[in-house]
Amino acid sequence: MLVAESSDPGPLSRSLDRWYEVIRARTTSEVLAAVRELAPDVVVLEMASPSLDAVSALVTIIASPAPASLPVVLLADPYDDADAVRCLDVGASDYLPRSVSQRELVARIEKVLRESRQRFRLAELARTDPLTGLANYRALIDRASEEFSRARRYEYALAAVMIDLDHLKAINDRYGHEVGNRALLNVTRTFRAALRQTDFAARYGGDEFVVLLPHHTPREAAVVVERVRRILRGTGLINSLGETLPVSLTVSAGIAGHEPTEPRGDHEALLNLADAALYQAKRAGRDRVVVAIRPGAEAIEGRA
């Protein structure tokens, strides 16, 4: 919790130490620096502080890159209805008189924290594939744009991988969708184990996945994907009865890269090139990794 208070905090402000880990700030600039650098769960602004323009700080916090769910509670002395309406309209989570009791203040803070967490969970659900827990298509496009912009700005390599779980329809038709879902989860777990924290994986659609590997050239990415492909081939698929099924899980993958010496136009061009490489992998018989060296089918190389 970040509390912006006067130079002489009262017992109410000090009492918050019993309930929360409190970061204190005195001025508007200190408040904004703490929001940027320390990522508090809630901000309490005391409008009676002579060194703090609480309304200005509120407006700046709401307009900043801070999480949209960051709640801001204002304590006013004196309490003013017009100010309350203005602050709530701008985006304050609550507006209370400074004379509020400790019990009510804590209850109000807990309420806005619950609402903030609920908004965050809903936002995450809207960007998450419900089966695999990976990012969904919507989140992928946003992340691909961000990663591509960073790679271009700081001039480092970025690899994009399009992955297809081979013959998922045949698995569903023969063993049922529950087994097909287990196959998708096996792919998810195997890739997660192989990726770094800075990498990003998403479910692109039914049987397709996308992985973004910052600071990887296409050939470096191919080493990672090839290792995953070989692990999956040795992974057994089990049905709901615990029986091992005679199924070999295989994936086809297409890889494309953006590099300072060989840039792509944008993230869409990068993903399209990876998709073209995946198409080549499927045409060549599946269960293989194909690397797109540069645009054009004749410049794609593969390994089985």
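At 1% relative accessibility, A292 counts as buried in this predicted model, because anything under 20% relative accessible area falls in that class. A292 belongs to strand β12, which covers residues 289-292.

**The nonpolar cores**

In soluble globular proteins, nonpolar side chains tend to be buried together. Here, the largest nonpolar core has 31 residues. Which of them touch the most other members? They are V161, I163, L165, V211 and I255. Several elements each supply at least two residues of this core: the strands β6 (158-165), β8 (208-214), β11 (251-258) and β12, together with the helices α7 (168-175), α8 (177-194) and α9 (218-233). Another core, of 24 residues, lies apart from it and includes A144, A151, A160 and L271.

Let us look at V211 in more detail. If we leave aside neighbours within four places in sequence, V211 is in contact with A159, A160, V161, I163, F191, L195, F200 and A201.

**Two pairs of packed helices**

Two packed helices are described by the angle between their axes and the distance between the axes. Here are two pairs to compare by eye.

| Helix pair | Angle between axes | Distance between axes |
|---|---|---|
| α8 and α9 | about 140° | 10 Å |
| α6 (137-154) and α10 (267-283) | about 110° | 9 Å |

The angle for the pair of α8 and α9 makes α8 oblique to α9. The crossing in which α8 passes α9 is right-handed. On the α8 side, the contact is made by N186, V187, T190, F191 and A194, and on the α9 side by V224, V225, V228, I231 and L232. What classes do these residues belong to? Eight are nonpolar, two are polar and none is charged.

The other pair has its own geometry: α6 and α10 are roughly perpendicular to each other, because angles of 65 to 115 degrees count that way. I141, A144, S145 and F148 of α6 meet H267, L270 and L271 of α10. By class, this contact of α6 with α10 has five nonpolar residues, two polar ones and no charged ones.

Beyond its neighbours within four places in sequence, N186 is in contact with L232, T235, G236, L237 and L249.

R233, in helix α9, is partly exposed, with a relative accessible area of 45%. The C-alpha atoms of R233 and S248 are separated by 5.5 Å, and the two residues are 15 apart along the chain. With neighbours within four places in sequence left aside, the contacts of R233 are S248, L249, T250 and D287.

**Backbone details in the loops**

Most residues other than glycine have a negative phi, and most peptide bonds are trans. Where can you find exceptions? The peptide bond from D77 to P78 is cis, with omega near 5°. P78 lies in the loop between β4 (72-76) and α4 (81-90).

E155 is not a glycine, yet has a positive phi of about 55°. This residue sits in the loop between α6 and β6 and is exposed, with a relative accessible area of 59%. H215, also other than glycine, has a positive phi near 65°, and its place is in the loop between β8 and α9.

Definitions and conventions
Residues numbered from 1 in each chain as written. Predicted model: local features only at pLDDT ≥ 70, side-chain atom pairs only at ≥ 80, totals over all residues. Heavy atoms only, no water. Helix = DSSP H or I, 4+ residues; strand = E, 2+ residues; numbered from the N terminus. Buried < 20%, exposed > 50% of the residue type's maximum accessible area, 1.4 Å probe, protein only. Core = buried A, V, L, I, M, F, W, Y, C linked by side-chain atoms within 4.5 Å. Contact = heavy atoms within 4.5 Å. Axes fitted to C-alpha atoms, helices over the stretch in contact; angles between N-to-C directions. Parallel < 35°, antiparallel > 145°, perpendicular 65-115°, else oblique. Left-handed = near helix turned anticlockwise from the far one by under 90°. Nonpolar A, V, L, I, M, F, W, Y, C, P; charged D, E, K, R; others polar.
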